[in-house]
Amino acid sequence: TVHYIVCILILICSYSCQIDEVGSAIAKIVGANAAKYDKFNTTVNMWVFEEMVNDRKLTEIINTDHENVKYLPGHKLPPNVLAVPDLAESVKGADILIFVVPHQFIMRVCDTIKDHIKKDAVGMSLIKGVDAGPEGLKLISEVIRGKLGINMTVLMGANIANEVADEKFCETTIGCKDKTYGPMLKELMQTTNFRVTVVEESDVVEICGALKNIVAVGAGFCDGLGFGDNTKAAVIRLGLMEMIAFAKVFCTNCPVSPATFLESCGIADLITTCYGGRNRKIGEAFAKTGKTIEQLENELLNGQKLQGPATASEVHQVLKQKNMVEKFPLFTAVYQICFNGHPVTEFVNCLQNHPEHM
């Protein structure tokens, strides 16, 4: 009988508390399923960046009290989830590596573990963002694959961490190009209230997770400017159209099916993020206060970096290289307002004059 060994990589620190919530919520699911199904080794290693909480090591608290008291308080983790402070040690022997770290740390994590992982391990990324470099835009799963040489899958969806931890019903999407991994990963992740759909268009699944944060910033602008639900509905629809169009430009190695955008990773995650979430919240505060994104990150997010503006900047670089800026007015407006001093009141212009209406 095969017993797959699972490791969850979470960078728990003050830079990344939303990521930590997601990681801890996923650890709750994975730990329970690993204990439930014979296919998996019972113990699930969870790498935790060590810090002191009330004069105790966080890993000691998790392993003794089975609770991430700092980042997901009030939710018990399964006793078979073992917090490990040594990154290299945590991945040894693992068949499945689940990446839940801020994307600015992913290179460092990969460099640390590359000589300690199994060569036939499979990775799953829950990281929402993209990496812009000299070679253009890269998906985070592509960065990990390039550094580690392992098969990569992704998990994206309308999955607010606290609601997942509360076991409120939600759906998610696994993008998995290799059909041999899909059933095994679904069994690892699915519960009665966390329902999983597996699709082959993993690049499209992942690009949805990044682009929806740009749209959510625009939805926040609308809230801050006092526009109503009709306007926000237009932002969501036009934002979705730009997401589909960008995927067709960017995801050249696979088909881009409209059906994928009807999965949880697409329209559902977009709606959730445009009505809740940090990108919408900061977009609203930006429009109301006139403060910079950086000021609001420091005041409202304890200095954490917001994904939407950063992704808008990276996407803008690609569109500029391809001379396609005018075809993506919503993405462009978010970029110009966040970084080039354009007044936030201009945002409605990108809706009024959108090419979808021409």
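User: In which strand is threonine 172 found?

Analyst: Helices (H or I, at least four residues) and strands (E, at least two) are DSSP runs, numbered from the N terminus. Threonine 172 is found in strand β11, residues 170-175. Please note that this is a predicted model, in which local features need pLDDT of at least 70, side-chain atom pairs count only at pLDDT 80 or more, and totals for chains, interfaces and linings use all residues. Residues are numbered from 1 along each chain as its sequence is written, and side-chain values use heavy atoms, with hydrogens and water left out.

User: Is threonine 172 buried or exposed?

Analyst: Buried means under 20% relative accessible area, exposed means over 50%, and partly exposed lies in between (1.4 Å probe, protein chains only). Threonine 172 has 1% relative accessibility and therefore counts as buried.

User: Which residues does threonine 172 touch, not counting residues up to four places away in sequence?

Analyst: Contact means heavy atoms within 4.5 Å. On that basis, and with those neighbours not counted, threonine 172 touches several residues, among them Leu155, Met156, Phe194, Val196 and Ser264. A polar contact is a pair of N or O atoms within 3.5 Å; within protein, one must be able to donate a hydrogen and the other to accept it, and residues adjacent in sequence count only if both atoms are side-chain atoms. Here, a polar atom of the threonine 172 side chain lies 3.3 Å from the backbone oxygen of methionine 156.

User: Where does UniProt place the feature "binding site"?

Analyst: UniProt positions are given in the numbering used here, feature names are shortened, and annotations may be inferred rather than shown by experiment. The unreviewed UniProt entry places this feature at Phe49, Phe105, Ala161, Arg278, Lys305 and Gln307. These positions are spread over 259 residues of sequence and also in space, up to 23.2 Å between C-alpha atoms.

User: At what angle do α8 and α13 pack?

Analyst: Axes are lines fitted to C-alpha atoms, for helices over the stretch in contact, and angles run from 0 to 180 degrees between N-to-C directions. Helix α8 (residues 202-225) and α13 pack at an angle of about 110°, with their axes 8 Å apart. Angles under 35 degrees count as roughly parallel, over 145 as roughly antiparallel, 65 to 115 as roughly perpendicular and the rest as oblique. The two helices α8 and α13 are therefore roughly perpendicular to each other. Residues of α8 including Asn213 and Val217 meet residues of α13 including Gln307 and Val315.

User: Why is α14 described as largely enclosed by the rest of the structure?

Analyst: The description applies because 10 of the 11 residues of α14 are buried. The buried residues of α14 pack against α8, α9 (229-250), α11 (277-289), α12 (293-300), α13 and α15 (347-352).
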